[in-house]
Amino acid sequence: MSAPAHLHLDRSTVAGRVLLRATSSINNRGGGPLELRAHRTGTHSWAVYQAIYDRAHRPYVFPSHAGLVFKYVPGERFGYGNIGSETFWKFEYAAAFQLWSIDARFKPIRFVRSGPKVDYCLRDLVHSHPSRSSPSTPVYQACSQDAQLHRDVLGTSAGWSDVYPYEYPQQWIDVTGLRGRFAYVQVADPNALLIERNHKNNLSETYVALPSGRVLGHRVAVAMP
């Protein structure tokens with residue numbers, strides 16, 4: 001993940017609470033696509049597989065513990081009002097938002113709080129790292145809104161990113177009453193559900209002083225806070 005960006009203090013979304021909002025970006029820096037294939041096995045159950053492509057672009061499919069969830073997304077956008085609510089099929093537990101207290105050398109002291117955002121579509125939204133192995137146009141489009149869907153494919157191509165602006169629902173951690181120095185941490189695949197070439201670059205963090213919200217720096221593509 002990119003380091004949490006565009007940090008904003010939000011005192012209006014939840015009465016009496018201070019939310020620290022941030023933009024998140026799940027980036028595919030591998031040599032091939034992250035692709036999840038799913039088919040329905042019951043009213044509320046799915047079988048999910050991860051497709052790994054060889055250099056001839058032949059897929060090899062592996063059972064996965066990843067899950068799909070039909071996620072309700074409220075229409076409120078911070079600073080913009082209500083644009084209408086929608087529901088989407090998303091990859092469950094694709095990411096996690098965490099807040100850690102840190103010392104004067106930016107080393108973690110303890111876990112403090114977490115954010116509510118854990119489910120993501122996975123899509124080709126921003127071509128963030130073009131290369132020869134990266135398609136020039138999006139392959140994985142917006143996630144499905146069909147409640148009766150029987151098969152689905154979610155993914156992010158190599159060199160592409162799935163970005164969610166800080167204004168979107170649940171792009172925050174509640175920081176009410178906190179004072180001091182903290183690491184705002186975003187982790188891709190926190191439950192290690194995916195096959196990856198490198199599991200040690202899934203975490204990035206932005207250092208922030210509270211209650212002012214002043215950004216102190218950041219660190220990207222590491223294994224732990």
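Two strands pair if DSSP finds at least two bridges between them. In this predicted model, strand β10 (residues 95–102) meets that criterion with β11: 5 bridges join the two, and they run antiparallel. One of the contacts involves Gln-98, whose bridge partner in β11 is Ser-114.

**The sheet**

β10 and β11 belong to an open sheet of 5 strands. The order is β11-β10-β15-β16-β17, and the pairing is antiparallel. Which strands stand at the edges? They are β11 (108–114) and β17 (214–222). Each has a single partner strand, so one side of each lacks a neighbour in the sheet. From one strand to the next, the twist averages 25°. Strands of a sheet pair through backbone hydrogen bonds, either parallel or antiparallel.

**The disulfide**

How many disulfides does the structure hold? It holds 1. Cys-121 is joined to Cys-143, with an S to S distance of 1.9 Å. Both cysteines lie in the loop between β11 and β12 (151–156), so the bond ties together parts that are 22 residues apart in sequence. A disulfide is a covalent bond between the sulfur atoms of two cysteines.

Are these cysteines buried or exposed? The cut-off for buried is under 20% relative accessible area. Cys-121 is buried at 5%, and Cys-143 is buried at 7%.

| Residue | Relative accessible area | State |
|---|---|---|
| Cys-121 | 5% | buried |
| Cys-143 | 7% | buried |

Technical notes: Residues numbered from 1 in each chain as written. Predicted model: local features only at pLDDT ≥ 70, side-chain atom pairs only at ≥ 80, totals over all residues. Heavy atoms only, no water. Helix = DSSP H or I, 4+ residues; strand = E, 2+ residues; numbered from the N terminus. Axes fitted to C-alpha atoms, helices over the stretch in contact; angles between N-to-C directions. Disulfide = S-S within 2.5 Å. Buried < 20%, exposed > 50% of the residue type's maximum accessible area, 1.4 Å probe, protein only.
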